[in-house]
Amino acid sequence: MLYMVPGSTSKQLSQMRRGAIEYCVLALLSSGEQYGFEMAKALAEADGLVTSEGTLYPLLSRLREEGLVKTTWRESSQGPPRRYYRLTSDGRVALEAFVVQWTRFRDSVDGLLKTGRTK
Amino acid sequence: MTDMDIDVIVEDYLERLDTALAQLEPHRRRELLEEVTEHITEARAELRDQTSSSILTLLENLGSPEEIAAAAGTVSMPVGPTSSAVRSGSRKSITIALLLLGGFVFVVGWFVGVFMLWTSDLWRIRDKVLGTLLIPGGLLFPIWYAVGPGGSVFGSSCVQNIPAGGTPAKGCASSIPPSWGGIGLLVIAVIVPVIVAIHLKRTYQTGEATS
């Protein structure tokens, strides 16, 4: 795609990121429930995924509306009770489906990018 | 730097967030505010020194209220930031309003509406044709026809049909039946542009969901 200018490339990358990030949030919860601050830190530590921690919360809100995530309150050892997030069974199914599709997609793209480079 | 100053910085941030989230449904707005407030509380508990600069860094990592609101607004729209969606939303309304009522703004308003219709990518060609042809001038002509000076349904036709020697009142009454056709046309001329306007509004919305 020779006609592409850097501006549209970065726009496409941000769209791809936006699409994948929901599933990263679901994946964070796959090993058990977590509270928001913990998840925000984990997301922010992943390179190039989110620019700011706070955007996690609108994402969680959407996942909750979609029935993929739900919230529970837990007493914490110090301070007030914490809001914990966990996967619903729908959330788990959605994540598993994404992992399969994503792996195929990633392998195909990687493969094509590699052959492009060696030529 | 006292705790109070820091509280003011945090409160100010949360207030800005609350304002930025104004367009969300109330329960989502409240939830998001609560979650961000909890996040700040947790993050503050981890700070080694509670200085204003460390709080500002904390809030910077969290992102600006506008950034968070934009992420919340893009929820149902995978493409483009909220602000552009809002812009095209108001552009849509303005275009439709001008097509309907722009004729009253020295007639030029309607042409501006047509221009906006054709330069927008919110509608398909056939919707643009529909919006232009049904009916040029929008509600200008039917309303001008009904109340204006030029050959009104209720005015001159009545006077013209007064038979010689008859009383004006009787003549007027007898002239009403022929004007029923005029009233029918008038009703159609009002309803058609309104239906087209509703159609344009709906078409845009379904386009938004699929884009």
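Before we start clicking, one term: two residues are in contact if their C-beta atoms, placed from the backbone, lie within 7 Å. Keep in mind too that what you see is a predicted model.

**Stop 1: one leucine**

Select A:Leu26. Skip its neighbours within four places in sequence, and you find A:Leu26 in contact with A:Leu63, A:Leu68, A:Leu87, A:Gly91, A:Ala94 and A:Leu95. Now, which residues touch the most other members of the largest nonpolar core? They are A:Leu26 and A:Leu60, in a core of 32 residues. Colour the elements that each supply at least two residues of this core: in chain A they are α1, α2, α3 and β3 (82-87), and in chain B they are α1, α2 (26-46), α3 (52-62) and α4. The biggest giver is α3(A), with five residues. There is another core apart from this one, made of 13 residues, including B:Trp110, B:Leu139, B:Val196 and B:Ala197.

**Stop 2: zoom out to chain A**

Show chain A as a cartoon. Trace the chain from the N terminus and the elements come in the order α-β-α-α-β-β-α. Chain A has 119 residues, and 21% of them are buried. Look at its contacts with a separation of 6 or more: 47% of them join residues 24 or more positions apart.

**Stop 3: helix α3 of chain A**

Next, select α3(A). Is this helix mostly covered or mostly open? Mostly covered: seven of its ten residues are buried. To see them, pick A:Leu56, A:Tyr57, A:Pro58, A:Leu59, A:Leu60, A:Ser61 and A:Leu63. What do these buried residues pack against? In chain A, the partners are α1, α2, β2 (69-74) and β3, and in chain B they are α2 and α4. Just after the helix, click on A:Gly67, which takes a positive phi of about 75°.

**Stop 4: the sheet**

Stay with α3(A) and look at what it lies across: β2 and β3 of chain A, with the helix running at about 110° to β2(A). Those strands belong to an open, antiparallel sheet of three, in the order β1-β3-β2. Here β1 (34-35) and β2 of chain A stand at the edges with a single partner strand each, so one side of each has no neighbour in the sheet. Follow the antiparallel pairing of β2(A) with β3(A), which runs over six bridges. For one of these pairs, select A:Val69 and its bridge partner A:Leu87 in β3(A).

**Stop 5: where the chains meet**

Colour the two chains separately. Across the boundary, 18 residues of chain A are in contact with 20 residues of chain B. On the chain A side, α1 (6-28), α2 (36-45) and α3 (56-65) each give two or more residues, and α3(A) has the largest share, with five. By class, this side of chain A divides into six nonpolar, eight polar and four charged residues.

**Stop 6: two helices in chain B**

The crossing of α1(B) and α4(B) is right-handed. Show side chains to see B:Tyr13, B:Arg16, B:Leu17 and B:Ala20 of α1(B) meeting B:Pro65, B:Glu66, B:Ile68 and B:Ala69 of α4(B). This contact has six nonpolar residues, two charged and no polar ones.

Definitions and conventions: Residues are numbered from 1 along each chain as its sequence is written. Chains are lettered from A and ligands numbered from 1 in the order in which they are written. This is a predicted model: local features need pLDDT of at least 70, side-chain atom pairs count only at pLDDT 80 or more; totals for chains, interfaces and linings use all residues. A crossing is left-handed if the near helix is turned anticlockwise from the far one by less than a right angle, and right-handed if clockwise. Helices (H or I, at least four residues) and strands (E, at least two) are DSSP runs, numbered from the N terminus. Ala, Val, Leu, Ile, Met, Phe, Trp, Tyr, Cys and Pro count as nonpolar, Asp, Glu, Lys and Arg as charged, and the others, Gly among them, as polar. A nonpolar core is a set of buried Ala, Val, Leu, Ile, Met, Phe, Trp, Tyr and Cys residues joined through C-beta atoms within 7 Å. A residue is buried if 20 or more other C-beta atoms lie within 10 Å of its own, exposed if 12 or fewer, and partly exposed in between; C-beta atoms are placed from the backbone. Two strands pair if DSSP finds at least two bridges between them. Axes are lines fitted to C-alpha atoms, for helices over the stretch in contact, and angles run from 0 to 180 degrees between N-to-C directions.
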